[in-house]
Amino acid sequence: LLGPVFYFLSRKAKWRTVIPEKDVLINRKKPVQELFEERENWLTESGQGIFQFIRGKTLEFLEQEFHYDGSSLNKESLSRCLIAAGIEKVQIDELLSILEDCEMAIYTGALPELSKQAFYEKAVILLKKIESRHSEYL
């Protein structure tokens, strides 16, 4: 008779989960610069490789900063999400332009007018602005 009780109690201990503190969840975000420093020798890659990297890191930033799911990327929903977060329309338009240029380079091979280095720097600077604006808004 006690066997099933002990079995149940031992299984119940495994069902419990520890929920991390709110501060721990908030501090798991990576700053923009740290997101983009994960890749070495990116300038030597083909044109499409670097644009896939920039697009991927931009979507990762949007997911961690604004909880925006990049798998269903939609200009209107992204704009609404960023406007609700206090981001300026000019910055939103620049971000959409960067994402569009990345997609053009990835899927059609048409490279933006800027060099890879300049395009990369433009994306990082814009995301840093958005990051600081969002942290001010909170």
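So, what pLDDT does the chain average, and what share of the residues score at least 70? The average is 77, and 67% of the residues reach at least 70; pLDDT, for the record, is the predictor's confidence in each residue, from 0 to 100. This is a predicted model, so to speak about local features I need pLDDT of at least 70, and side-chain atom pairs count only at pLDDT 80 or more, while totals for chains, interfaces and linings use all residues. Residues are numbered from 1 along each chain as its sequence is written, and side-chain values use heavy atoms, with hydrogens and water left out.

Confidence is lowest in helix α2, residues 22-26, with a mean of 45, and highest in helix α6, residues 89-107, with 93. Over residues 13-27 the pLDDT is below 50, and beyond near neighbours in sequence that stretch has two contacts in the model. A contact here means heavy atoms within 4.5 Å. Where pLDDT is low, the predicted coordinates should not be read in detail.

Okay, the overall layout. Of the contacts with a separation of 6 or more, 65% are between residues 24 or more positions apart. There are 138 residues, and 33% of them are buried. Buried means under 20% relative accessible area, exposed means over 50%, and partly exposed is in between, with a 1.4 Å probe and protein chains only. The chain exposes about 9200 Å², and carbon and sulfur atoms supply 55% of that. Those areas come from Shrake-Rupley with a 1.4 Å probe, and for residues only the protein chains shown count as cover.

Now the core. The largest nonpolar core has 29 residues, and the ones with the most contacts inside it are Ile-54, Leu-62, Phe-66, Leu-78, Leu-82, Leu-95 and Ile-130. Which elements give two or more residues to this core? They are α4 (47-66), α5 (75-84), α6 and α7. By nonpolar core I mean a set of buried Ala, Val, Leu, Ile, Met, Phe, Trp, Tyr and Cys residues joined through side-chain atoms within 4.5 Å. In soluble globular proteins, nonpolar side chains tend to be buried together. As for Leu-78, leaving aside neighbours within four places in sequence, its contacts include Leu-62, Tyr-68, Leu-95 and Leu-99.

Let's stay on α6 for a minute. At 1.5 Å a residue, its 19 residues should span 27 Å, and the end C-alpha atoms are 27 Å apart, so the two agree. The expected span is 1.5 Å times one less than the number of residues. The buried residues of α6 include Gln-91, Leu-95, Cys-102 and Ile-106. Ile-92 sits in this helix and counts as buried because its relative accessibility is 0%. Not counting residues up to four places away, Ile-92 touches Ser-79, Leu-82, Ile-83 and Ile-87.

Beyond four places in sequence, Leu-99 contacts Arg-55, Thr-58, Leu-59, Leu-73 and Leu-78. Just after the helix, Gly-109 takes a positive phi of about 85°.

Here's a polar pair. Which side chain does His-134 meet in a polar contact? The side chain of Glu-65, at 2.8 Å. A polar contact is a pair of N or O atoms within 3.5 Å; within protein, one must be able to donate a hydrogen and the other to accept it, and residues adjacent in sequence count only if both atoms are side-chain atoms. Glu-65 lies in α4 and His-134 in α7, residues 116-137. Both count as buried: Glu-65 has a relative accessible area of 6%, and His-134 is at 7%. Leaving out neighbours within four places, His-134 also contacts Phe-66, Ala-85 and Ile-87.

Last one: is His-67 buried or exposed? Exposed, because its relative accessible area is 71%. His-67 lies in the loop between α4 and α5, and its phi is near 60°, a positive value in a residue other than glycine.

Terms used. Helices (H or I, at least four residues) and strands (E, at least two) are DSSP runs, numbered from the N terminus.
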